[in-house]
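Subject: Structure for you to look at

Hello,

Here is the structure I promised to pass on. Please open it next to this email and follow along.

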Amino acid sequence: IFETLRRRDNSAAQEEKTRSVNEREKALFEKQQKRLSELVEANTTLPCTVSTVRVLGAVHTRPGFLKRIIDPLLSANRDRPYTLSEAIRETQYAADKLHRHGIIDWLKGIFHEPISISIDRPDRTDPSSTPTDVDLYISLREKGRIAFKTGTEAGNAEGSAFTNLYWRNMFGGAESLNLNASIGTRTRTAYQATFETPILGNPDFRGEVGALSSSTQKVWASHEEVLKGGWTKLRWLGRGGKHELGYSGIWRQITGLAEKASPTVRGDAGDSVKSSITYSVTNDQRDYPLLPQNGYLTRSTLELAGWGPLQGDVAFGKAEVEGQGAVPVPIPGVKGNSGVSLTTGLRAGLLYPLPLGFDSKALASRITDRFQLGGPTDVRGFRLGGLGPRDGPDAVGGDLYAAGSANLLMPLPRLGPEKPVRMQAFLTGGRLLALKQSETEEMSSSSVRQSISSTVAELGNGLPSMSTGVGLVYAHPVARFELNFSLPLVVRKGEDARKGLQFGLGITML
């Protein structure tokens, strides 16, 4: 008994001793940091020469890759001397540049946070050193190079299982290889491989090449779509936001027609090849893209297919624009962030028929290239492809659309505004139209312009298809989940509305 009591006393004494040592070490560290801050503050204008920069912890990263980022710090590569504050600022910029390799996608970063910086004096016995010399140390820790993940997903009337292999820092220069395979109830199979690399060590200028193969059941149009092809892209940060320029060559096949497939779907069945150039620019100033409380988003995309030297067997110009804004709503009697916000969004798109190659007559659009509208991620209260032109049971898509939404988001009473869960009340609407074109008239440039003009005029004729409702929103770090009760208000003849519960999952929600 005495031995047991003695052990308990020793244990309590040891815990007290450990706590005391930790408190002393913390106090000493804080004192050192304060002293260092005072020294830096008192010597910000002190001239200094950066003689050496050492990067610690970069085990699998190429020296040549680091050299592009580190070399500009050395005083030998500058036309004037540093002050101490300038040296610290430039070193922080270099560390931030290392961190930004992969900032667009958190998975692609090659270094853990934080990346620490320290300054020291060189050895005074070194005859090559000068009194103003300083050595800079950048300490970092690399992330694991290979990540393997399997899982299941559900959303947008589809369930799927996937396997993903991600290889970061593949050749020691922030390159990445992403392999993904999935099977599902609607996307039966999908395989994709993507290789991405920074260009000249610049995290804000990246190149990408990829290939895909997929088979997707388009239940709203009574067919299965098979895609095989590849692409190459350039991405950069510039004036106006994030820019992307790419080329893709995709072989498409409409197959597996249902017995009830409409003549429009049967007419477009078979193979087609799309060869296109795309350009997009995105400016996202929202505080939290999946559940914005403040800020705005603008996005525009242009695509040119089949025209001139691009060839293929489809030709068109395609333009889409999107805008979203969010503002907080103050509540009387509530100080600070109430968690209530009003979000509005607008999307619009146009498909312009063009001649194939260097021909003079434009080609009519195909079902694989037209816009589809309706579903839980855009115009809620309608089924997938529920708006726009139809041929019998099939949604055959349109060449011109516009859609908008207004959402009032409110925190749940017991959770508060800090949690990523909201109640929402929404009003959405939109229209999707096909170009007005006579079946016997050739598609000359003048007739296409006239057709687009009359279709744009028709877009504003009458009320858009509309719905309203309430629901729950959960912003997961990967995607946004919605469970809504929708009530269609305006439904045109032939459109497929849906009254009742509707589940949505997506990254970009209207």
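How many salt bridges does the count come to? The count comes to 19 salt bridges. A salt bridge here is a side-chain nitrogen of Lys or Arg within 4 Å of a carboxyl oxygen of Asp or Glu.

Two notes before the details. This is a predicted model, where local features need pLDDT of at least 70, side-chain atom pairs count only at pLDDT 80 or more, and totals for chains, interfaces and linings use all residues. Residues are numbered from 1 along each chain as its sequence is written, and side-chain values use heavy atoms, with hydrogens and water left out.

Start with Arg-206 and Glu-196. They form a salt bridge, with the closest N and O atoms 2.9 Å apart. The pair links distant parts of the chain: Arg-206 sits in strand 9 (residues 202–218) and Glu-196 in strand 8, ten residues apart. Strands (E, at least two residues) and helices (H or I, at least four) are DSSP runs, numbered from the N terminus. Both Arg-206 and Glu-196 are buried. Buried means under 20% relative accessible area, exposed means over 50%, and partly exposed lies in between (1.4 Å probe, protein chains only).

Next, find Glu-244 and Lys-233. Their closest N and O atoms are 3.6 Å apart in a salt bridge. Glu-244 is in strand 11 (residues 241–255) and Lys-233 in strand 10 (residues 223–238), eleven residues apart. Lys-233 counts as partly exposed, because its relative accessibility is 23%.

Then go to Glu-458 and Arg-431. Their side chains meet in a salt bridge at 3.7 Å, N to O. Glu-458 belongs to helix 5 (residues 445–459) and Arg-431 to strand 19 (residues 421–433), 27 residues apart. Glu-458 is partly exposed at 24% relative accessibility. Arg-431 is buried, at 9%.

Salt bridges that share partners join Glu-196, Arg-206, Glu-208, Lys-233, Arg-235 and Glu-244.

**Helix 2**

Which residues of helix 2 (residues 63–70) are buried? They are Phe-65, Leu-66, Ile-69 and Ile-70. Seen down the helix axis, these fall within an arc of 125° (taken from the directions from the axis to the C-beta atoms), so they line one face of helix 2. An α-helix has 3.6 residues a turn, so residues three or four places apart point the same way.

The buried residues of helix 2 pack against strand 1 (47–56), helix 3 (84–99), strand 4 (133–139) and strand 8 (187–199). Contact means heavy atoms within 4.5 Å. The face turned away from the buried side carries the exposed residues Pro-63 and Arg-68.

Best wishes
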